[in-house]
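Work through the following exercises with the sequence and the coordinates open. Each task is followed by a solution in steps.

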Amino acid sequence: MIDLPAPKPDVLARRDEILAGLRALLPGDGVITEPARVKPYETDGLSAYRQPPLAVALPRTTEEVAAILGFCHRNGVRVVPRGAGTSLSGGALPLADSVVLGLMRMNRIIEVDYANRLAVVEAGVTNLGITNHIAADGFFYAPDPSSQLACMIGGNVGMNSGGAHCLKYGVTANNLLGLKAVTVEGEIVELGGRHLDAAGYDWLGLLTGSEGQLAVVTEVTVRILHAPEGQRAMLAAFKGTEIAGAAVDAIIGSGIIPVALEFMDRPCIHACEAFAHAGYPLDAEAMLIIEVEGSVEEQDMLLGKLKEICSRFDPISLKVAQTVEESMAIWKGRKGAFGAVGRISPDYLCMDGTIPTGELPHVLRRIGEMSAEYGLQVANVFHAGDGNLHPLIMFDANDAESFRRAEAFGADILKLCVEVGGCLTGEHGVGVEKRDLMPVQFTPFELDQMRALKSAFDPQWLLNPAKVFPLEGNPVLRQAA
Amino acid sequence: MSDVLAPADEAGVAAAVAEAARAGEPLAVEGRGTKRAMLRPVQAARTLSLRNLSGITLYRPQELILSARAGTPLAEIEAALAEHGQQVVAEPPVLAAIFGGGQGPSIGGLVATNLSGPRRITAGAMRDHVMGIRAVNGLGEAFHNGGRVLKNVTGLDLCKLLTGAHGTLGVLTEVTLKVLPAAERSGTLAIAVPDLETGVRALSAGLGSPYGVNGAALLAGEAPRALLRIEEFSESVAYRLGRLREALERFGDAAVIEDVESRELWRGIREAEPLAAQPEDAVWRVSVQPTAGPGVVAAAGLPRALLDWGGGLVWLAGPATADSHRRVMGAARTAGGSFTLFRAPEPLRAAVPVLPEEGKVLAAIRERIRAVMDPKGILSPGRMYAG
């Protein structure tokens, strides 16, 4: 289990006064303190960790966010920003002496501008909500994390979320033009704008993916794109993971960048097939789902080339969708992967390392060995084009020993990712989950330099503290612990 | 010519910076020195050149990853990529037409200036493809950030902080880029438009279509032309240009420019050659939302202009006077955008803000960050902001 710093005694002692101050800033039902109503905010997508906060504040405007942050800053109160609470790394986990600053009531789409291909939205608009709003006009917002139905754009900015289609369209950082944000002191700042590449330091880029450490994002200007004429998928199944990995290399080497290139290993294929009956080949060791875009003729041309490439690797099965419906059937199993694993195991941890794609066979072999050593099953789904690996480690949360082993297994996988030249997290963020693994990837000096940059924005470490950076060596939090 | 330090490796860079920090003597940081005349003149007696840190250190075509030491010539990297049919995604410019010939820019210099070409409009900027860096801070301490994989959100993104920081905050010693396959074929639809406003409407219609337009420029002058590029497999280029033509003919007479000629046309746009900047001209780059581009051209009132990025990147050239600069700043501000005084005689660029001034809050954060990364203020002081 991860340690959290001790609550600040002065804040706990002044609880009533602080809550009264917050209520004065958010009249009506904007401040939640009753235990039953605070309960949904005590955890996020990393549900093994739970901690009720001091209070939950639900502002409706940037000005209200500024007022709350200013108040908390003057009173030395820690603040944990929260979108939909879908973080898989515990990024929105509260501290006992913190105010959770929930942005879900800031859910207005302020403007859509097709001529300039942008939309201005508040932080609490859901990822899919943006696309749904503009889909009738043929447009979409590209990053598509699997939680896109629920997750909010403010959280996407905080974590620099990716998705299955980022090989072609990039991650959140590549699809932003501007941010409105509030500093820990409660000052409203605008970063970037409606144009590309604002001159000066790239504050927009620095804030994106900073996990709520530097400021609170309240409004986002995103780039929107016109959808392609159509898309279609194919499925290719192979006798070994090395063979499938070689097929991925050959595809990228051919000059085709598929819009999605997903890899599933044998346990994952079996789990998904049992759940979704998508017609996946159960005798395969590895399977690829490859999607292309364009007109029907262009899809035919690209799928023809891809089929020819895959056929060089002695495939067990090659299935090219002929219709949109067949394409959806191929995706059905993959999209249900998390649910499918949830059905065969009471609980699972979804890991998120990235590796150089050439290391895939080696890494999958090692994960298989570790699975035997820890006595825990694992299924692997993988964004094969960009090397982002999602092992799903199955365990039983009612068994403390099982959870401890699952966490240790996950940590070993992430250390392996770094060892082969990759990183601890590709798209989920460090949060609390991977915080104490940071020294695997960074030297003490590199961590100190990052902490000093955090301090440049937030000298007292009031913004989402105890995340991202190990507590040991922390100039402010260690004293509090 | 000031003294030039040109260490051969990262340890040498670290030692040179540490020594300069101890002595409190500023350094003008440069790659291969092709853009010395950009932004404000640096107040430093000595130059730290990265030209001897050269060479590709890792290239995995199948992983779409290339690492090179900061002083590696862009041309060397492009040649290595071309052998595998790949390219630098952001199409960065050489800018010989703006800054003169020389040996061509280094990859580190292009990252430090975050300069991107026409493909930026859909494929992203240099900053979007910097996956990892090695660098030395203003105390001579070496560090890395990011890595050599395509997706990485571990820790704060110092790759983005240093990209476009013009050699302040840190000295890049090595960069790792995401690279992509080069398209089989290029093709352009050229539309004769009556005015710039109509031209931007045509570009917006093309960029808002499903056909994957990845270059959208507008040649100003007596007979403005809107140019839309497709880069794809051969079959797709022909098909998509045909569909675009049907969709955009309402804006003016349209003609197709084929592969070789299309590539040369966009090379020229990348280099701002159609701007035809005169030797005595100052040159500005203004970034605004695309529909505001023509208004910026009109408000600046300068003799020469070129629009790229769908109308959102406005190159301007004209008399190198404080009055011209005031008009450009005003036009950018009115349009809610950003400007760069890209090239000017030293007295002008020393006397005026070459980038938009930041507000009080951001300026204060900037100073605190500088105190972390370069507490002695020795890395290219004055390059971006006075004082």
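Rings of Phe, Tyr and Trp (its six-membered ring) pair if their centres lie within 6.5 Å; planes under 30 degrees apart count as stacked, over 60 as edge-to-face and the rest as tilted. This is a predicted model, in which local features need pLDDT of at least 70 and side-chain atom pairs count only at pLDDT 80 or more, while totals for chains, interfaces and linings use all residues. Residues are numbered from 1 along each chain as its sequence is written, chains are lettered from A and ligands numbered from 1 in the order in which they are written, and side-chain values use heavy atoms, with hydrogens and water left out.

**Exercise 1. Aromatic pairs**

Task: state which residues form one aromatic cluster with A:Tyr49, and describe the pair of A:Tyr49 and A:Phe403.

Solution. Step 1: the cluster consists of A:Tyr49, A:Phe395 and A:Phe403. Over all chains, the structure holds 12 aromatic pairs. Step 2: one of them joins A:Tyr49 to A:Phe403, with 6.4 Å centre to centre and 65° between the planes, and is edge-to-face. Step 3: locate both residues, taking helices (H or I, at least four residues) and strands (E, at least two) as DSSP runs numbered from the N terminus. A:Tyr49 is in the loop between helix H3 (35–38) and strand E2 (55–57) of chain A, and A:Phe403 is in helix H15 (residues 400–419) of chain A; the pair links distant parts of the chain, 354 residues apart. Step 4: check accessibility, where buried means under 20% relative accessible area, exposed over 50%, and partly exposed in between (1.4 Å probe, protein chains only). A:Tyr49 is buried at 6%, and A:Phe403 is buried at 11%.

**Exercise 2. Charges over rings**

Task: find which ring lies under the charged end of B:Arg229, and which lies under that of B:Arg366.

Solution. Step 1: apply the criterion that NZ of Lys or CZ of Arg is within 6 Å of the ring centre and within 35 degrees of the ring normal. Step 2: B:Arg229 has its charged end over the ring of B:Trp266, 5.0 Å from the centre. Step 3: for B:Arg366 the ring is that of B:Tyr385, at 3.7 Å from the centre.

**Exercise 3. A sheet and its helix in chain B**

Task: give the strand order of the open sheet of 3 strands in chain B, and say which strands helix H1 of chain B touches.

Solution. Step 1: two strands pair if DSSP finds at least two bridges between them. Step 2: the order is E1-E3-E2 with parallel pairing. Strand E1 (3–5) and strand E2 (27–30) of chain B are the edges, each pairing on one side only. Step 3: angles run from 0 to 180 degrees between N-to-C directions, with axes as lines fitted to C-alpha atoms, for helices over the stretch in contact. The twist averages 30° from one strand to the next. Step 4: E2(B) and strand E3 (residues 46–49) of chain B share 4 bridges in the parallel sense, and B:Leu27 has B:Arg46 as its bridge partner in E3(B). Step 5: contact means heavy atoms within 4.5 Å. Helix H1 (residues 10–23) of chain B packs on the sheet and touches E1, E2 and E3 of chain B, its direction making about 155° with that of E3(B).

**Exercise 4. Two hairpins**

Task: how many residues lie between E4(B) and E5(B), and how many between E8(A) and E9(A)?

Solution. Step 1: strand E4 (residues 56–60) and strand E5 (residues 65–69) of chain B pair in the antiparallel sense over 4 bridges; one bridge partner pair is B:Leu58 with B:Ser67. Step 2: this hairpin has 4 residues between its strands, and B:Leu64 in the turn has a positive phi of about 60°. B:Leu64 is buried, at 0% relative accessibility. Step 3: strand E8 (residues 176–182) and strand E9 (residues 188–192) of chain A are antiparallel over 5 bridges, with A:Leu191 as the partner of A:Leu179. Step 4: there, 5 residues lie between the strands, and A:Gly186 in the turn has a positive phi of about 95°.

**Exercise 5. Crossing helices**

Task: at what angle do the axes of H10(A) and H13(A) cross?

Solution. Step 1: helix H10 (residues 266–276) and helix H13 (residues 337–344) of chain A have axes that come within 8 Å and cross at roughly 90°. Step 2: H10(A) is therefore roughly perpendicular to H13(A), given that angles under 35 degrees count as roughly parallel, over 145 as roughly antiparallel, 65 to 115 as roughly perpendicular and the rest as oblique. Step 3: residues making the contact include A:Cys268 and A:Phe275 of H10(A) and A:Val341 and A:Ile344 of H13(A).
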